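Subject: Structure handover

Hello,

Here is the structure we spoke about. My notes follow below it.

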Amino acid sequence: MFSDSTKGADASALTYSMVETAKACGVDVYYYLKYLLIKCPSSQMSDEELEKLSPWNPECKKSLDELFRKHQDAIFDAM
């Protein structure tokens, strides 16, 4: 998909790694990726800040549950 260049291949590998890690931790991939896009992690973040964004972190799982709940509420409110 992104492998026309070295940077594209790196981006593809990183994305694949995030998806597989989320699946291995039992979190919904859609909401995990959405959560990461909301939080917008960067290379300037400390290891502690990045740890909080990891799918195995209880704080992250709680945030994902809240994101899911908000999404479900929005669906039901639209009906």
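Helices here are DSSP runs of H or I with at least four residues, numbered from the N terminus. On that basis, E20 and K23 both belong to helix 1, where they sit three residues apart, or about one turn of the helix. Please keep in mind throughout that this is a predicted model.

Confidence

The mean pLDDT of the protein is 88, and 96% of the residues reach at least 70. Confidence is lowest in helix 1 (residues 6–24), with a mean of 89, and highest in helix 2 (residues 29–39), with 92.

Salt bridge

How many salt bridges does the structure hold? One. Side chains of opposite charge can pair when their charged atoms come close. In this model the salt bridge joins E20 to K23, and their closest N and O atoms are 3.1 Å apart. E20 is classed as partly exposed because its relative accessible area is 29%, within the range between the 20% limit for buried and the 50% limit for exposed. K23 also counts as partly exposed, because its relative accessibility is 48%.

Surface patches

On the surface, a patch of negative charge is formed by D47, E48, E49 and E51. One of these residues, E48, lies in helix 3 (residues 47–52). E48 has a relative accessibility of 56%, so it counts as exposed.

The other patch is nonpolar: I75, F76 and M79 make up about 360 Å² of surface. M79 is located in the segment after helix 4 (58–78). With a relative accessible area of 74%, M79 is exposed.

Backbone at C40

Which residue other than glycine has a positive phi near 50°? That is C40. C40 belongs to the loop between helix 2 and helix 3. Is C40 buried or exposed? C40 is exposed, because its relative accessible area is 56% and the class begins over 50%.

Distances between residues

I also have two C-alpha separations for you. S63 and Y31 are 32 residues apart along the chain, and their C-alpha atoms are separated by 9.6 Å. S63 is part of helix 4. The relative accessible area of S63 is 24%, so this residue is partly exposed.

The second pair is A24 and D73, which are 49 residues apart in sequence. From C-alpha to C-alpha, A24 and D73 are 27 Å apart in space. A24 is in helix 1, and it is exposed, with a relative accessible area of 70%.

If you open the model, I would start with the E20 and K23 salt bridge, then go to the negative patch that includes E48, and then to C40 with its positive phi.

Regards

Key: Residues numbered from 1 in each chain as written. Predicted model: local features only at pLDDT ≥ 70, side-chain atom pairs only at ≥ 80, totals over all residues. Heavy atoms only, no water. Patch = residues over 30% accessible without salt bridge, like charges linked within 9 Å, V, L, I, M, F, W, Y side chains within 5 Å. Areas by Shrake-Rupley, 256 points an atom, 1.4 Å probe, with all protein chains shown as cover. Salt bridge = Lys/Arg side-chain N within 4 Å of Asp/Glu carboxyl O. Lys, Arg positive; Asp, Glu negative; His and termini not counted. Charge placed at Lys NZ, Arg CZ, Asp CG, Glu CD. Helix = DSSP H or I, 4+ residues; strand = E, 2+ residues; numbered from the N terminus. Buried < 20%, exposed > 50% of the residue type's maximum accessible area, 1.4 Å probe, protein only. pLDDT = per-residue confidence, 0-100.
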